[in-house]
Amino acid sequence: MYEQISRNRWRSVFLIIGVLVLAAGIGYLFGYLFQAGPFGLVLALGIAAVGSWSSYMYGDKLVLRVSRARPASREEYPKLHNIVEGLCIAAGMPVPKIYVIPEQAPNAFATGRNPEHASIAVTEGLLQTLNRVELEGVIGHELSHVKNRDILVGTLTATLVGVVVLLAGWMRWGLFWGGGRGRDRGGGGGGNAIFLVLALVAMILAPLAAQLIRFAVSRRREYLADADGALLTRYPPGLAAALRKIAASSNTMRVANDATAHLWFSQPSRAVGEGHSRVERLFSTHPPIEERIKALEEM
Amino acid sequence: MLGLWIALGVIGLVLLYGILVFNRLVRHRNRVENAWSGIDVQLRRRYDLIPNLIESVRGYATHERELFEQVTQARTRAIEAASVPDQAQAETEITRSLGRLMAVAEAYPQLRANENFLALQEELTATESKIAFARQFYNDQVMRLNTLIEQFPSLIVARLGRFRQREFFEAEEDSRGVVAVDL
């Protein structure tokens, strides 16, 4: 546990350094291209520093907002509150803020920077499909992410690196559609050229960013959180049953995206009934559910 | 002269280590105390729930007077218990009679439709599991303290500082009966 905490701290530091270096490189390049000298470098570094600081301080709020999470009151969700409180007693940690997401697919995530500043969010679908023991399994998994600071790395990754991935995604579409329109009108203007450069930069950055995400959030941590969560509830079959129910659910996630995918309890999918081909596994942020269940059954 | 400095250095290091271990032992002992009082918090929460629960069941289950008496008496005994074994016995009695009360309540359809009762039932279930979790946390903390006291070389400091090992909560039938920890 303590090794994981310090490893996650180092990961976070490297992540921020990586982003700063990347920003410095881009800034220098732009400064060089537009003959602005060191101005580009300073500006880019400034933006990256502010971005890092704000995603450390407010990344959790951003992630929660993007996921359309709203605070779950004790009056409305007494069972959820009781389960979280009980497991926090077992883990000897402060109770995180509790959120609910209006979404039918059963899923959950945790975010924040440390156990004192943590939030845990579950979907309505999760509360409806799982019974108490299964819910305890899922919440235990999420609390383990909180305790070993996976949430810090995950949230930084989502806000710092994920933004690049999202931008690149939009840019690709923009280039596709915008480029087509430009040809129709016969020749693009100056604005189009700048956009083209931006799009190219984003497209070059996207794979780098994706690589960063994979570096930061190794899929092994999901197994670890499963194991730690089961240790908390002292009942691995509960979590295994929850995973089975989630695998069987055919509801798709509307609020998840490429930037936040790695945060969720189970990989959010937007296509129904997708199998796990080898390529998919290579690019996925989570291990396949069947293998997580198998690991739990072997405990 | 050099030998003297080396000797002083070694003594200094040993002392420093001793202080570090001593502080760790104190920290762990305090965590155990804290975990112990965490159990009490949950037990007290259960005492508070009992009158409300009986009040909401009484109107429907009029024939269960004897059962109400049992729960109430066990509660009183637990609160007034002077020694840990006495309290432990009363707590076990509470758990048993409450379990019976809830089983009986299942037989009354109006009760199961009563929102107030359902809310109390959820609170009771949650409190029972919180008691179990608090005990689990206590055991985790006791294990850490005991390991430190048994391990070499920290056991030397533990002996000198008169740190004593604590007893685990046995997992036996959710009772506090098996515990003999001096408070």
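Strand 3 and strand 4 of chain A run antiparallel and are joined by six bridges. Helices (H or I, at least four residues) and strands (E, at least two) are DSSP runs, numbered from the N terminus, and two strands count as paired if DSSP finds at least two bridges between them. This is a predicted model, in which local features need pLDDT of at least 70, side-chain atom pairs count only at pLDDT 80 or more, and totals for chains, interfaces and linings use all residues. Residues are numbered from 1 along each chain as its sequence is written, while chains are lettered from A and ligands numbered from 1 in the order in which they are written.

Two residues lie between strand 3 and strand 4 of chain A, and the two strands form a hairpin. Along this pair, A:Gly112 is placed opposite A:Ala118 of strand 4, and A:Ala108 is placed opposite A:Val122 of strand 4. Burial is counted from C-beta atoms placed from the backbone: a residue is buried if 20 or more other C-beta atoms lie within 10 Å of its own, exposed if 12 or fewer, and partly exposed in between. Of the seven residues of strand 4 of chain A, six are buried, so this strand is largely enclosed by the rest of the structure. Strand 3 of chain A has five of its seven residues buried, so strand 3 too is largely enclosed.

On to the rest of the sheet. Strand 4 of chain A is also joined to strand 2 of chain A, by five bridges, and these two run parallel. Here A:Ile98 has A:Ile120 of strand 4 as its bridge partner. Strand 2 (residues 97-101) of chain A is in turn joined to strand 1 of chain A by two bridges, in antiparallel fashion, with A:Pro71 opposite A:Tyr99 of strand 2.

Helix 3 (residues 78-91) of chain A has 14 residues and should span 20 Å at 1.5 Å a residue, which agrees with the 20 Å between its end C-alpha atoms; the expected span is 1.5 Å times one less than the number of residues. Its buried residues include A:Leu80, A:Ile83, A:Val84 and A:Leu87. Just after helix 3 of chain A, A:Gly92 has a positive phi of about 65°.

Chain B has six helices and zero strands. Its radius of gyration, 24 Å, is well over the 16 Å that the globule rule gives for 183 residues, so chain B is more spread out than a compact globule. That radius is taken over C-alpha atoms, and the rule is 2.2 Å times the number of residues to the power 0.38. The C-alpha trace of chain B spans about 90 × 30 × 20 Å along its principal axes. Buried residues are 28% of the 183 in chain B.
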